[in-house]
Amino acid sequence: MGQATKVLQLFKTLHRTRQRVFKNDTRALEAARIKINEEFKSNKSETSPKKIEELIKIASDVELLLRTSVIQAIHTDHNTLKLVPRRELLIENVPYCDAPTQKQ
């Protein structure tokens with residue numbers, strides 16, 4: 001797979017991840033859309049294969065971090081937040097378990 005194909009695929013993956021992670025949060029959806037587009041646009045003219053690979057790695061890491069670490073929270077009152085984890089973030093974790101398993 002060529003670098004241009006990888007970059008385009010990663011761009012699309014980041015936007016799909018953004019839509020899942022920030023679902024129903026229009027401010028976060030828009031901010032993430034703008035940031036993704038700005039980052040890709042600012043590096044559009046990059047020609048160094050090594051630098052492009054570095055940027056692909058950074059973008060892949062960001063996508064993984066968003067998908068596995070971000071949990072939405074809703075203010076229920078001035079002191080309380082309600083966490084809204086996505087299904088894929090719920091794992092069965094037995095105390096002192098070195099290998100948590102996916103919750104069914």
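**View 1. The largest pocket and the residues around it.** In this predicted model, 24 residues line the largest pocket, and Val 7, Glu 39, Phe 40, Asn 43 and Ala 59 sit nearest its centre. Helix H1 (3-21), helix H2 (26-42) and helix H3 (49-69) are the elements that each give two or more residues to that lining. Helices here are DSSP runs of H or I with at least four residues, strands are runs of E with at least two, and both are numbered from the N terminus. A pocket is an open set of points on a 1 Å grid over the protein atoms alone, where a 1.4 Å probe fits and protein lies on both sides within 12 Å along at least five of seven lines; lining residues have an atom within 4 Å of a point. The volume comes to about 620 Å³, taken as the space filled by probe spheres set on the points, which are joined across faces, edges and corners.

View 2. Sorted by class, the lining has 16 nonpolar, three polar and five charged residues. Nonpolar covers Ala, Val, Leu, Ile, Met, Phe, Trp, Tyr, Cys and Pro; charged covers Asp, Glu, Lys and Arg; the others, Gly among them, go down as polar.

**View 3. The largest nonpolar core.** Twelve residues make up this core, including Leu 10, Phe 22, Ile 36, Ile 56 and Leu 66. To belong, Ala, Val, Leu, Ile, Met, Phe, Trp, Tyr or Cys residues must be buried and joined through side-chain atoms within 4.5 Å. Buried means under 20% relative accessible area, exposed over 50%, and partly exposed in between (1.4 Å probe, protein chains only). Skip the neighbours within four places in sequence, and Leu 10 is in contact (heavy atoms within 4.5 Å) with Phe 40, Ile 56, Ala 59 and Ser 60.

**View 4. Asn 24 in its loop.** Look between H1 and H2 for the loop that holds Asn 24. Its phi is near 70°, a positive value in a residue other than glycine. Asn 24 counts as exposed, at 73% relative accessibility.

**View 5. His 75 on strand S1.** His 75 belongs to strand S1 (residues 72-77). With a relative accessible area of 63%, His 75 is exposed. Not counting residues up to four places away in sequence, His 75 touches Thr 80 and Leu 81.

**Notes for all views.** Residues are numbered from 1 along each chain as its sequence is written, and side-chain values use heavy atoms, with hydrogens and water left out. Local features need pLDDT of at least 70 and side-chain atom pairs count only at pLDDT 80 or more, while totals for chains, interfaces and linings use all residues.
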